[in-house]
Amino acid sequence: MVYFPKWYIAGERKGSRSRSGARGVGKFVNLNLWTYLTFLNWVPGALRMSQSEIIQHAGLDSAVYLRIYILGLKIFVPMTTLALLILIPVNVSGGTLVDLRKEIIFSDIDKLSISNVSPGSQRFFVHLLMAYLFTLWTCYMLYKEYDNVAFMRLHYLASQHRRVDQFTVVVRNVPHVHGHSTSQTVEQFFQRVHPDHYLSHQAVYNANKYAKLVKQKERLHNWLDYYQLKFDRNPEKRPTTKIGFLGCCGQRVDAIEYYTERISQLDKKIAIERERVLKDPKAIMPVAFVTFDSRWGAAVCAQTQQSKNPTQWLTEWAPEPRDVYWQNLAIPFVSLSIRKLLISVSVFALVFFYMIPIAFVQSLANLEGLEKVAPFLRTVIDIKVVKSFLQGFLPGLALKVFLYILPAVLMIMSKIEGYISLSSLERRAAAKYYYFMLVNVFLGSIIAGTAFEQLYSFLHQPPTQIPRTIGVAIPMKATFFMTFIMVDGWAGIASEILRVKPLVIYHLKNMFLVKTERDREKAMDPGSIGLPETLPTLQLYFLLGLVYAVITPILLPFILIFFAFAFLVYRHQIINVYNQEYESAGAFWPHVHSRIIASLLISQLLLLGLLGTKKAAYSTPLLIFLPVLTLWFHSYCKSRFEPAFRKYPLEEAMEKDIMERAAEPNLNLKAYLADAYLHPIFHAFEDEEMGQVRVDKGESHIASPIRSENNSPSPPHYVYHYEFEA
């Protein structure tokens, strides 16, 4: 249920009761030693499925996500080999930290870094050469992988069977025309602008209150089902419940009669609200899903400007129905810019607020430095257990706790911004999380940690020596980042495969929350892979690896181990655990590429600044060309590959249309697209609640839920759309 939920949900795996074994302690402890020797049997299974089979089984998004780990291995395996064989011997032979031991605080690991090379040394030309080699290799692998993923995306789109989103465009900011409804305005506009390919459209209704009532009815139905099952098991005793707060107080009544009556009252409210939405013109939002009779027609509409006024009739490809975030379709377009501005300010404030606790945590990374600033803490710090815990484990653990609640907060912020697809929301939340980790985890750790560790030196040396102290101290944060990689990366991957948290949550839900089979299915749902959290974490490890590849190469094996184990674990989880919420055909890859490029630029600028403090007058100027070359490479890749992720080639669209017409000349495309973008709540309740609600040219009626293709009337121009509250 927890370790293979994907197969349980698909019905291809069934739970089995444990065989009778040893008695007593054997009931609680597995005494079969063979299971402990074969606990890694999942590894061959994770590697057995090919990439094409993963695409078929879990979708292209999952396959492209795994390519990020493969890219990490391709980049860092050669870099680690060269760094360990060339850079570390060069750094060790420097010996400059031994001469500075009275001025700064350092560890044995720092002797393996560039800090150990004496200022003005000719050895810096070796670091310069490695910086060029690492940049060229990273760019080469990025180019090859971008090319590969772009080909995978185009091939996936070309080989796909007919999908509703291939024929559908979402249009926003429909202008109000006096005397015309939104439906009439949309129909007249597209019949005039796209007369040969326009098919129909579906308007969007803001029915937030209706959706709230429907969800409330669903919860009441769940309780009614629970008490009905309880009564069926024991017919001699009618179940009862208290009607006070949370069922803990108040009058005790018959539970079945109570919930039946509440549902009946709610049905009346739902009917009244439904009629209000039908008759209220303000309920219709200036948004519509417009369908075309060909992929070519939809591509032309989605990728061109529709009006002389660039702020009206804004079109884009409609997300697939699973990917639509229905709540945000009801947001007025005029408020989107204001929302984005407010969220930008909020994200900035959030980053700034988090700097305070993180600065304190990073100060614990070197307690000797803290002792010099605060001698009164020496008694506590000198306790061996406390010192080991604070210095070796607490900084990484505390930072992980700070970061644990952040993805949910950033996702809420992205929803407020008004994006209309889940994939867009996750990409925006991932971007915010990446910026946060860049400023707080990376830059904040270096700046705050360096300031505390070297505070004693700053107060007891001439001001002209401070830049030199900072330049030497920057690579000394490698010790903290090694700890962070072990706590966040290695331990996180182990936790991922053990699934301790989902296991505990599942059993807690099973004990206290599960009342019906519907509840059990919800408790079993493993969710998706969590791109808003996993993508920024991956990009942080790329950043750490690229920054410290030249500065402190000993960190690279830690990065390499993370990518290797994470690839195996997530391959297993994608095959056996996680469900796919939507399919964006790898639309997030340009963001991954851009942030790895940003990591390259940051690594080059930091190395440039560091060498500037090392009196490397001859080698430092040669580094100026690296950022320029990197930016040119990024610009080339952006123009070469990004269109494949933003636009759909008209040539490809026409070819698929021609092939489909030849294969299915009698296809009723209008019927196929009719109910494609009905709200999920409508689908869930249409049979028991009201059949199918249709609104055709301003007139509403209740239609039967199922119609035969031969005698079905023309599909509606638009349907009513239920919205949750944002």
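Before we start, a quick definition: helix axes here are lines fitted to C-alpha atoms over the stretch in contact, and the angle between two of them runs from 0 to 180 degrees between N-to-C directions. With that in hand, here's a look around this predicted model. The chain has 726 residues, and 49% of them are buried. Its secondary structure comes to 31 helices and 9 strands.

**The chain as a whole**
- Take the contacts between residues at least 6 apart in sequence: 81% of them join residues at least 24 apart.

**Helix α9**
- Helix α9 covers residues 208–233, which makes 26 residues.

**Helix α5 against helix α26**
- Two packed helices are described by the angle between their axes and the distance between those axes.
- For α5 (residues 60–92) and α26 (residues 589–612), the angle is about 20° and the axes are 11 Å apart.
- Angles under 35 degrees count as roughly parallel, so α5 and α26 are roughly parallel to each other.
- The crossing of these two, α5 and α26, is right-handed.
- On the α5 side, the contact is made by Val64, Arg67, Ile68 and Leu71, while α26 brings Trp589, Val592 and Ile596.
- Sorted by class, that contact of α5 with α26 has 6 nonpolar residues, 1 charged residue and no polar ones.

**Helix α24 against helix α26**
- Helix α24 (residues 531–551) also packs with α26, at an angle of about 30° and with the axes 9 Å apart.
- α24 and α26 are therefore roughly parallel to each other.
- Their crossing, α24 with α26, is right-handed.
- From α24, residues including Leu535, Gln539, Phe542 and Leu546 meet α26 residues including His591, Arg595, Ser599 and Leu610.
- The contact of α24 with α26 divides into 14 nonpolar, 4 polar and 1 charged residues.

**Zooming in on leucine 610**
- Leucine 610 sits in helix α26, and it is among the residues that meet α24.
- Its relative accessibility is 3%, so leucine 610 counts as buried, given that the cut-off for buried is under 20%.
- Leucine 610 and proline 475 are 135 residues apart in sequence, yet their C-alpha atoms are 9.1 Å apart in space.

Notes
Residues numbered from 1 in each chain as written. Predicted model: local features only at pLDDT ≥ 70, side-chain atom pairs only at ≥ 80, totals over all residues. Heavy atoms only, no water. Helix = DSSP H or I, 4+ residues; strand = E, 2+ residues; numbered from the N terminus. Expected span 1.5 Å × (residues − 1). Parallel < 35°, antiparallel > 145°, perpendicular 65-115°, else oblique. Left-handed = near helix turned anticlockwise from the far one by under 90°. Contact = heavy atoms within 4.5 Å. Nonpolar A, V, L, I, M, F, W, Y, C, P; charged D, E, K, R; others polar. Buried < 20%, exposed > 50% of the residue type's maximum accessible area, 1.4 Å probe, protein only.
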